[in-house]
Amino acid sequence: MPEESVPPPAPSAELGGAAAPVLVLGAGPVGQTAALLLARWGLPVTVVDARPEREAVGSKAIVQQRDVLDVWEDLGAHAVAEEGLTWDTARTFYRDHELFSVGLRDRGASPLPPFVNLSQSRTERILDERMAAAGLRVHWNHEVTAIDQDDAGVRVRCATPSGPVELRGSYAVACLGPHGRVAREAVGADFGGASFDDRFLICDIRADLAGWERERRFYFDPAWNPGRQILIHPCPDSVYRIDWQVPPDFDLEREEAQGGLDRRIRQIIGERPYEIVWHSVYRFHTRVADPMGAGRVLLAGDCAHLVAPFGARGLNSGVHDAENAAWKLAFALNGWGGPHLVESYSAERLAAARDNAEVTGATMRFLVPRTEEEHAHRLRVLESARSDPAAAARVDSGRLFEAFWYTDSALTTPCAQRPFPGRPPRGEAPEPCPGVLVPDVPLHVEDRPGVTRLRALAREGVTVIAASAHGAEAARAAAQRATAAPVTALALEEADPDGALAAALDARPGEVWLLRPDAHIAAVLDEDDTAAVTAAADTCLGGAPAAGRIPRPGKEQDGGVLPARG
């Protein structure tokens, strides 16, 4: 429960200041992140939620990935990474045989762990503290009943215990969860997809399981759940989340009454003492809202996409929805973006949602085969994987979340010398190229002692990186011809004394790197072609989509990493 619930305002009150606020509908982690990011850009924000107060819900949405921790770190929510239980290895077993393990590599030098496990309820409390520090509050007991929009803004009607309330805002970011039909209808979104017949029993237990504290463990067809799967995640305070795949007719109350739940737990942990902290039964769905926004209403998080949890692609993807929406709304409202910027939100995040649905859908088809042919295929792969590494690569126990790459976005200027090589192997980050999230590295910025990492600097506006101070300043001037937004120029010879950034980018002589405000690489260009830098900056901020320029043939042929400068 929160320390203090904010009572609803009087009926028909218009919340927010004199300037029309951005309305954030829903105060889960995605809505909280959106509100904090919008406020950091200096925008007025109003946050509403249908619930009367915070509620603690077991180990729901426990897995937070490094690139999401990075967003929260920049918002001052350091405690998520600090309190979360760090894990760095994912092991997959078939019966009693380990098929493979995946380590998690960072192409940069982020100080953050690859993954931490922390309950959603604790994450929400940490973000609430950041909201309070930012002067943001949640207006509870506001159930959204209707959303309308016109050229001037959005109008949201809410039901409250004190009567109906109408809110007006410049835009609305709908983070209403899977039951946010009212928001999907407001943008004309279909929410098609599929549901899986098998159910999953989720049980949080507190126990001492030495050696399992930093590992995600996935078991195919173990003796303790024959023909189905088990997933085990460590959590803080010696709590372990165990997911059992169970038949469609599974009855949790009957299982407990007949001692079956205790037997299930004992089969995994033996005779160790344990305590049940929380349990529930879920049926998983794969659904994607299309479109994810229209006009002044944007959908984010579970309101826009539902996926199975094997791979931790739900909340993590929702946080990146929030970041994508926030910077684009800030740039639009400040007059820094082009006419296509806000509409690019739906295009980019819909592509990310479809990718997540494809990845998790393939996982679920492997976990829950629907035909005899699929069952036979899975058995062949698992049996072969005992001794064949090539077969092990085809075992799908859930590909872990990775930041989506906007390589096909209208905001990205392609580079022939740095094409996207495709999805990297499990546990690997993609090679830096236009569309990909830039690796994070330490920086030295003259007169900015508080700036120590690349991504934190990139999130201040548009960023250009060049080898020399002269090249960086020329690129800055070129980018500023496209926008009045803040533009930061980095010279590798000054800001990268240890060569970490040059190595992470595999920087080549004569290149200029252009970064968006969400730290994705927008373009890699020839530093001598300032017109191309201007065009790429205009493109990445929603101007007319353009193919852009690429480094002239031969400029990068000497190759190699730029030398470190002292």
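Start by selecting Arg418 and Glu511, which form a salt bridge (a side-chain nitrogen of Lys or Arg within 4 Å of a carboxyl oxygen of Asp or Glu), with their closest N and O atoms 2.9 Å apart. Arg418 sits in the loop between α11 (389-392) and α12 (454-458), and Glu511 belongs to strand β23 (residues 511-515), so this pair ties together parts that are 93 residues apart in sequence. Helices here are DSSP runs of H or I with at least four residues, strands are runs of E with at least two, and both are numbered from the N terminus. Arg418 and Glu511 are both buried; buried means under 20% relative accessible area, exposed over 50%, and partly exposed in between, using a 1.4 Å probe and protein chains only.

You are looking at a predicted model, in which local features need pLDDT of at least 70 and side-chain atom pairs count only at pLDDT 80 or more, while totals for chains, interfaces and linings use all residues. Residues are numbered from 1 along each chain as its sequence is written, and side-chain values use heavy atoms, with hydrogens and water left out.

Next, select Arg264 and Glu255: their side chains meet in a salt bridge of 2.5 Å, N to O, and both residues are buried.

Now move to Asp321 and Arg349, where the closest N and O atoms of the salt bridge are 2.6 Å apart. Asp321 is in helix α8 (residues 315-333) and Arg349 is in helix α9 (residues 343-367), so the bridge ties together parts that are 28 residues apart in sequence. Asp321 is buried, with a relative accessible area of 0%, and Arg349 is buried as well, at 2%.

**Two helices side by side**

Keep α8 and α9 on screen. Two packed helices are described by the angle between their axes and the distance between the axes. Here the angle is about 170° and the axes are 10 Å apart; the axes are lines fitted to C-alpha atoms over the stretch in contact, and angles run from 0 to 180 degrees between N-to-C directions.

Which residues of α8 and α9 make the contact? Select Ser317, His320, Asp321, Asn324, Ala325 and Lys328 of α8, then Ser344, Tyr345, Glu348, Arg349 and Asn356 of α9. Contact means heavy atoms within 4.5 Å.

**An open sheet**

Switch to the strands and find the open sheet of six, in the order β8-β2-β1-β12-β19-β18, with mixed pairing. Two strands pair if DSSP finds at least two bridges between them. β8 (138-139) and β18 (293-294) stand at the edges with a single partner strand each, so one side of each has no neighbour in the sheet.

Strand β1 (residues 22-25) runs parallel to β2, joined by four bridges. Pick Leu23 and look for its bridge partner in β2, Thr46. Strand β2 (residues 45-48) is covered on both faces, with Val45 and Val47 buried on one side and Thr46 and Val48 buried on the other. At the other end, two bridges join β18 to strand β19 (residues 297-299), and these run antiparallel.

**Last stop: α16**

Finally, select helix α16 (residues 530-540), whose buried residues include Ala532, Val533 and Cys540. Among the elements covering these buried residues are α8 and β23. Gly542 follows α16 and has a positive phi, near 90°.
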